[in-house]
Amino acid sequence: MTNLLSLTNFELRLDVEKNANDLNKEMKTLWIIPVGTTTLELTPGNILELELIWNWLTNHIEISAVVLQSSTGKFASGANLVQMAQMSLEDLRSFQERLQRIIYAAFFLPQTIIYDIGEGAKDFAAELALLADIRLARNTCHLHFDHLQKGLVPSSGGIGLLSTLVGPFLVRNLCLSGHPLTADDLKNQGLVLELYSNRIERDQ
């Protein structure tokens with residue numbers, strides 16, 4: 001499989017390893033890595049590319065796992081507020097509906113999805129992090145569901161999932177106050193599997 005998708009915002013890397021229990025079988029992992037040296041801000045363009053990746057994965061069930069990870073410390077920091085302010089209501093609705101499809105569709109993909117939150121995320125990026133089966137985070141991580149403080153509507157799928165995981169009262173408090181979930185909160189609530197202090201520890 002040499003021809004992966006041609007994308008602008010993400011680099012795709014396919015790792016192939018022998019199965020330790022059966023050397024005749026291979027374990028394939030797809031890495032999704034934001035392009036560039038700055039932290040990814042969510043826009044209609046990169047959300048569209050994530051949807052294209054999801055569609056591609058449905059036809060490649062030989063891939064066992066998908067890892068969303070960045071070298072910048074965060075896979076995605078939050079929405080690009082400058083671009084959001086210039087969008088029409090219809091465009092903003094379309095953006096949120098596409099993000100919602102990505103989040104919900106992740107649960108129907110045959111692959112195990114691993115999301116490295118890194119140092120944290122805000123607004124729509126915080127919702128995006130909840131699509132994963134397994135989440136990792138740095139021990140200094142903060143996850144902000146601060147949509148309302150920015151004039152955004154928290155209705156892109158992640159808030160509903162969070163309510164199921166931690167309960168509606170905590171979610172309501174997080175959304176109304178904008179107060180973050182710390183790394184310890186995430187660990188204690190079962191929202192992340194492991195915390196790490198640096199990249200070396202993470203990669204082990």
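## Helix H5 and its buried face

A residue counts as buried when its relative accessible area is under 20%. In this predicted model, helix H5 spans residues 158-166, and its buried residues are Gly158, Ile159, Leu161, Leu162 and Val166. Viewed along the axis of H5, these residues fall within an arc of 160°, so they line one face of the helix.

Just after H5, Gly167 adopts a positive phi of about 100°.

## Helix H3

Helix H3 consists of 17 residues and extends 24 Å from its first C-alpha to its last, close to the 24 Å expected at 1.5 Å a residue. Its buried residues are Phe95, Gln96, Leu99, Ile102 and Ile103.

Several elements take part in covering the buried residues of H3, including strand S3 (41-42) and helices H1, H2 (81-85), H4 and H5.

## The largest nonpolar core

In soluble globular proteins, nonpolar side chains tend to be buried together. The largest nonpolar core of this model contains 56 residues, of which Ile32, Ile53, Trp54, Leu128 and Phe145 touch the most other members. Helix H1 (residues 44-57) gives the most to this core, with six residues.

Leu128 illustrates these contacts. When residues up to four places away in sequence are not counted, Leu128 touches Leu42, Leu50, Phe75, Leu99, Ile102, Ile103 and Tyr115. Among these partners, Leu99, Ile102 and Ile103 also belong to the buried residues of H3.

## Strand S6 and Ile114

Strand S6 covers residues 112-116 and includes Ile114. With neighbours within four places in sequence left aside, Ile114 is in contact with Val66, Val67, Leu68, Ala132 and Ile134. Ile114 and Leu191 are separated by 77 residues in sequence, while their C-alpha atoms are 12 Å apart in space.

## A three-stranded sheet

Three strands form an open sheet with mixed pairing, in the order S7-S9-S10. Strands S7 (120-122) and S10 (181-182) stand at the edges; each has a single partner strand, so one side of each is left without a neighbour in the sheet.

Strand S9 (residues 142-144) pairs with S10 in the antiparallel sense, over two bridges. His142 has Thr182 in S10 as its bridge partner.

Methods: Residues numbered from 1 in each chain as written. Predicted model: local features only at pLDDT ≥ 70, side-chain atom pairs only at ≥ 80, totals over all residues. Heavy atoms only, no water. Pairing = 2+ DSSP bridges. Helix = DSSP H or I, 4+ residues; strand = E, 2+ residues; numbered from the N terminus. Core = buried A, V, L, I, M, F, W, Y, C linked by side-chain atoms within 4.5 Å. Buried < 20%, exposed > 50% of the residue type's maximum accessible area, 1.4 Å probe, protein only. Contact = heavy atoms within 4.5 Å. Arc of directions from axis to C-beta. Expected span 1.5 Å × (residues − 1).
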